[in-house]
Amino acid sequence: MMLPKHIKEFKTIFGNKYLALYHVPVSFVDIKKDYYVASYGARAGVLVFRGGRVLLTKQYRLLINDYSLEIPGGKMEEGELPEDAAIRECLEETGVLCSNLRHLVTYHPGLDNIYNPTHVFVTGDSEDTNTEGLPDNNEVAGYQWVDFDECVDMLTNGRIADIFSMIAIHTYLHTNYREGTTAIHSRKA
């Protein structure tokens, strides 16, 4: 199949502040296809290390009807840079202020029907704040610092099951292994 010769305008089927659904007719040389795209907007998160431990939030998730342990992150605001969004989300969800973020990975959960470009950062620099009202209890049920090796084990036993956190941890492991760099999670760092 060749690249499309014509992509018609995205037609909004539904929209609210969390989600937009679009119909997109596409013409190729010999065929026409209809795409239906769910747009959740861009999001950003951060893998935060401190003394060999990783910061994880505890959030209720409907589809598993249970709590999930995840890296801090969420939807980017209009005009917000990914790094700024990751810092803001971490602060809102945990009261932990991050700095000196390093880009880890950018990925797309779906390439035909889900628009949700995701930016993940990593840092070993953070501080607890005394900001009143943080973390946002309407968004998270709490947070905890978990030993990095335990986080890796949690990937295989299902205690970390969201793709956002899984990709962050796997990418961090792979990147540091491949580059032979001194890991942020090292207790000696």
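**Ground rules.** I am working with a predicted model, where local features need pLDDT of at least 70, side-chain atom pairs count only at pLDDT 80 or more, and totals for chains, interfaces and linings use all residues. I number residues from 1 along each chain as its sequence is written, and side-chain values use heavy atoms, with hydrogens and water left out.

**Whole chain.** I find 3 helices and 14 strands in the protein. These are DSSP runs, numbered from the N terminus: helices are H or I of at least four residues, strands are E of at least two. The protein has 189 residues, and 42% of them are buried. Buried means under 20% relative accessible area, exposed over 50%, partly exposed in between, with a 1.4 Å probe and protein chains only. I looked at contacts (heavy atoms within 4.5 Å) between residues at least 6 apart in sequence: 59% join residues at least 24 apart.

**Largest pocket.** A pocket is an open set of points on a 1 Å grid over the protein atoms alone, where a 1.4 Å probe fits, with protein on both sides within 12 Å along at least five of seven lines; lining residues have an atom within 4 Å of a point. The largest one holds about 1300 Å³ of space. Volume here is the space filled by probe spheres set on the points. I count 32 lining residues, with Y40, R43, R61, E70 and N116 closest to the centre. α1 gives the most to this lining, 4 residues. The lining splits into 13 nonpolar, 7 polar and 12 charged residues. Charged means Asp, Glu, Lys and Arg; nonpolar means Ala, Val, Leu, Ile, Met, Phe, Trp, Tyr, Cys and Pro; the others, Gly among them, are polar.

**Second largest pocket.** I get about 260 Å³ here. Its lining has 15 residues, and F10, Y35, V37, L111 and D112 sit closest to the centre. β3, β4 and β11 each supply at least two lining residues.

**T156.** I placed T156 in helix α2, residues 148-156. Is T156 buried or exposed? T156 counts as exposed because its relative accessibility is 73%. Its side chain reaches the backbone oxygen of D153 at 2.9 Å. I also checked M166, 10 residues from T156 along the chain: the C-alpha atoms are 9.9 Å apart.

Technical notes
Polar contact = N/O pair within 3.5 Å; in protein donor to acceptor, adjacent residues only side chain to side chain.
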